[in-house]
Amino acid sequence: MGIVANLKTGWTLSMDSLSVLRSHPKLLAFPAISGVATGLFFVFLYIGVFVGELVGGGVEYVALFVLYFVTTFVASFFTAALVHAVNDTFHERKPSIVRSSRAAWRMKGTIAVWSAIAAAVSLIIQQLEESDTPLSGLVASLFSVGWAVTTFFIIPVIVFEDVDLASMFTRSAETFTDTWGETLGAGLGLGIIQLLLALGAVAIAVVLGVVIATVSPTAGIGVGILVVVFGLLAAYLIGQTIRGIAKTALYLYAREGSVPEQFTDFDFETLGGRAEHEATPSHDRVEG
C-alpha cells in the first residue's frame with residue numbers, strides 16, 4: 001500500500017474509533033488515570049535516578065529499570081482495562097471503569113511479567129543508543145522497530161487469550177502480520193486526528209492570545225499557554241483512546257473474524273492480505 005492508501009486506512013480507523021468514543025466518552029478515563037499515575041511516579045523516581053547517577057556503582061541502572069517497569073506496568077494495566085471496556089462496547093454492553101479495572105487486575109501477574117521484560121529491553125536499547133559506535137545506534141534502531149512490531153498486540157493477547165510467555169509474543173506478532181503486515185504506515189493515519197486536535201489547540205490559543213493581548217498582554221500570553229496545554233492533553237487522551245479502540249477492533253477481526261458493528265464501513269479484508277487467512281478463534285479471557 002502507498003502512503004496515501006495508508007493514510008486513508010488510518011483515517012477510516014480513526015473516524016470509526018472516534019464514533020465509539022463519542023458514544024462512550026468514559027473510555028477517556030483509562031488513559032487519563034494512566035497518565036496521571038505514570039506522571040507522578042516518573043517525577044519521584046527521576047529524583048532517584050539523579051541521585052543514583054551521583055552515587056554511581058550501577059545504582060542508576062537499577063533506578064532506570066524500576067522506572068521502566070512501573071511506567072510500563074501502569075500503562076499496560078490501564079490499556080488492558082481499556083481493551084476490556086472496548087470489547088464490552090463491541091458486544092453492546094455498557095463499559096464500566098470499575099469492572100474493566102478489576103478484569104485487568106486479574107491479569108496483573110501476566111502484565112507484571114510483560115512489564116519486566118519490556119523494562120529490560122528498554123534498558124538494553126537505551127544503552128545501545130548511548131554507545132558511541134554507529135553500529136550500536138543502527139542495531140538499536142532496528143531492534144526498536146522489530147520490538148514495536150512484535151509487541152504491537154501484546155495487550156489484547158493478554159486480555160483475550162490464556163497464553164504462556166513465549167506464546168504471548170508469537171501471538172502478538174502473528175496478529176500484526178494478519179492485519180497490518182503490509183500496512184506499517186497506517187499508524188501515520190491513526191495519528192491524524194491527534195495532530196489536528198493539537199494544531200487546533202495551537203490555532204485557538206493564538207487567536208485568543210492576540211484578542212486578549214489587546215487588553216492585557218500578560219493575560220493574553222497566560223490564556224494562550226493554558227489553551228495549548230489543555231488542548232495538547234486532550235489530543236493525547238483522545239489519540240491514545242482511539243488507538244486502543246482501533247487496535248482492539250483489528251485484533252478481534254484477526255483472531256475471531258468478527259467485525260464490530262461500529263466498523264462495518266471499514267474494509268478489514270484489504271489489510272495485509274488478511275483475506276487470504278482464515279480467522280482463528282481465540283480463547284477468550286473476558287465475557288462475551
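User: Where is P95 found, and is P95 buried or exposed?

Analyst: P95 is found in the loop between α3 and α4, where helices are DSSP runs of H or I with at least four residues, strands are runs of E with at least two, and both are numbered from the N terminus. At 5% relative accessibility P95 counts as buried, a word that stands for under 20% relative accessible area, while exposed stands for over 50% and partly exposed for what lies in between, with a 1.4 Å probe and protein chains only. This is a predicted model, in which local features need pLDDT of at least 70 and side-chain atom pairs count only at pLDDT 80 or more, whereas totals for chains, interfaces and linings use all residues. Residues are numbered from 1 along each chain as its sequence is written, and side-chain values use heavy atoms, with hydrogens and water left out.

User: Which residues does P95 touch, not counting residues up to four places away in sequence?

Analyst: Contact means heavy atoms within 4.5 Å, and on that basis P95 touches H24, K26, L27, A85, D88 and T89, leaving aside residues up to four places away in sequence. One of these, H24, is 71 residues apart from P95 along the chain, yet the C-alpha atoms of P95 and H24 are separated by 7.6 Å.

User: What is there to read in the phi of E92?

Analyst: Most residues other than glycine have a negative phi. E92 has a phi near 60 degrees, which is a positive value in a residue other than glycine.

User: How do α3 and α4 pack, and at what angle?

Analyst: Two packed helices are described by the angle between their axes and the distance between the axes. Here the axes are lines fitted to C-alpha atoms, for helices over the stretch in contact, and the angles run from 0 to 180 degrees between N-to-C directions. Helix α3 (residues 59-90) and helix α4 (residues 97-105) pack at an angle of about 125 degrees, with their axes 8 Å apart. The two are therefore oblique to each other, given that angles under 35 degrees count as roughly parallel, over 145 as roughly antiparallel, 65 to 115 as roughly perpendicular and the rest as oblique. The crossing of α3 past α4 is right-handed, which is the word used if the near helix is turned clockwise from the far one by less than a right angle, left-handed being used if it is turned anticlockwise.

User: Which residues of α3 and α4 meet?

Analyst: From α3 the residues are F77, A80, A81, H84, A85 and D88, and they meet R99, S100, S101, A103, A104 and W105 in α4. By class, this contact of α3 with α4 has seven nonpolar, three polar and two charged residues, where Ala, Val, Leu, Ile, Met, Phe, Trp, Tyr, Cys and Pro count as nonpolar, Asp, Glu, Lys and Arg as charged, and the others, Gly among them, as polar. A104, which lies in helix α4, is buried, with a relative accessible area of 1%. A104 touches F77, A80, A81 and I111, not counting residues up to four places away in sequence.

User: At what angle do the axes of α3 and helix α5 cross?

Analyst: The axes of α3 and helix α5 (residues 108-130) cross at roughly 135 degrees and come within 8 Å. That makes α3 oblique to α5, and the crossing of α3 and α5 is right-handed. The residues of this contact of α3 with α5 divide into 16 nonpolar, six polar and one charged.

User: How do α10 and α11 cross?

Analyst: Helix α10 (residues 192-213) and helix α11 (residues 217-256) have axes that come within 8 Å and cross at roughly 165 degrees. That makes α10 roughly antiparallel to α11, and α10 passes α11 in a right-handed crossing.

User: What does S17 touch, and where does S17 lie?

Analyst: S17 lies in helix α1 (residues 3-23) and is buried, with a relative accessible area of 0%. S17 touches I242, I245, A246 and F263, not counting residues up to four places away in sequence. S17 and I242 are 225 residues apart in sequence, and 5.2 Å apart in space from C-alpha to C-alpha.
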